[in-house]
Amino acid sequence: MKRLLILLATVVASFANIVLSAEWHGAKSVWHGADRYDFTIAGRSAIMIVPDNPLPGNPWIWRPAFFDAFPSIDIAMLEQGYHIAYIM
């Protein structure tokens, strides 16, 4: 359990740093009209969806499971300026 919490903290901190730096690396594609980046973080595959017009401070939400399943909320958040993060 402790190892899982450490991994979780590392991933969350890493995603936060990536979003704040706005430096996108990895394979670029398009997801529902927005830029999608597939990359590796902490040894895990990850996805970041970047809004066309990010809100100040570059806020983001973490999609906890089943990326792209029932994406209506993710799309609505993206349209409001939130980044969408997912880790496998």
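Me: Which residue in β2 does W31 stand opposite?

Reply: W31 stands opposite A34 in β2. The model is predicted, so local features need pLDDT of at least 70 and side-chain atom pairs count only at pLDDT 80 or more, while totals for chains, interfaces and linings use all residues. Residues are numbered from 1 along each chain as its sequence is written, and side-chain values use heavy atoms, with hydrogens and water left out.

Me: What makes β1 and β2 paired strands?

Reply: Strands are DSSP runs of E with at least two residues, numbered from the N terminus. Two strands pair if DSSP finds at least two bridges between them. Strand β1 (residues 27-31) and strand β2 (residues 34-41) have five bridges, in the antiparallel sense, and therefore meet the definition of pairing. Two residues lie between β1 and β2 in this hairpin, and H32 in the turn has a positive phi of about 45°.

Me: How do you know that β2 also pairs with β3?

Reply: Seven bridges join β2 to strand β3 (residues 44-50), and the two run antiparallel; T40 stands opposite S45 in β3.

Me: Why is R36 called buried?

Reply: Buried means under 20% relative accessible area (1.4 Å probe, protein chains only). R36, in strand β2, has a relative accessible area of 19%, so R36 is buried.

Me: What makes the approach of R36 to D38 a polar contact?

Reply: A polar contact is a pair of N or O atoms within 3.5 Å; within protein, one must be able to donate a hydrogen and the other to accept it, and residues adjacent in sequence count only if both atoms are side-chain atoms. The side chains of R36 and D38 make such a contact at 2.8 Å.

Conventions. Helix = DSSP H or I, 4+ residues; strand = E, 2+ residues; numbered from the N terminus. Buried < 20%, exposed > 50% of the residue type's maximum accessible area, 1.4 Å probe, protein only.
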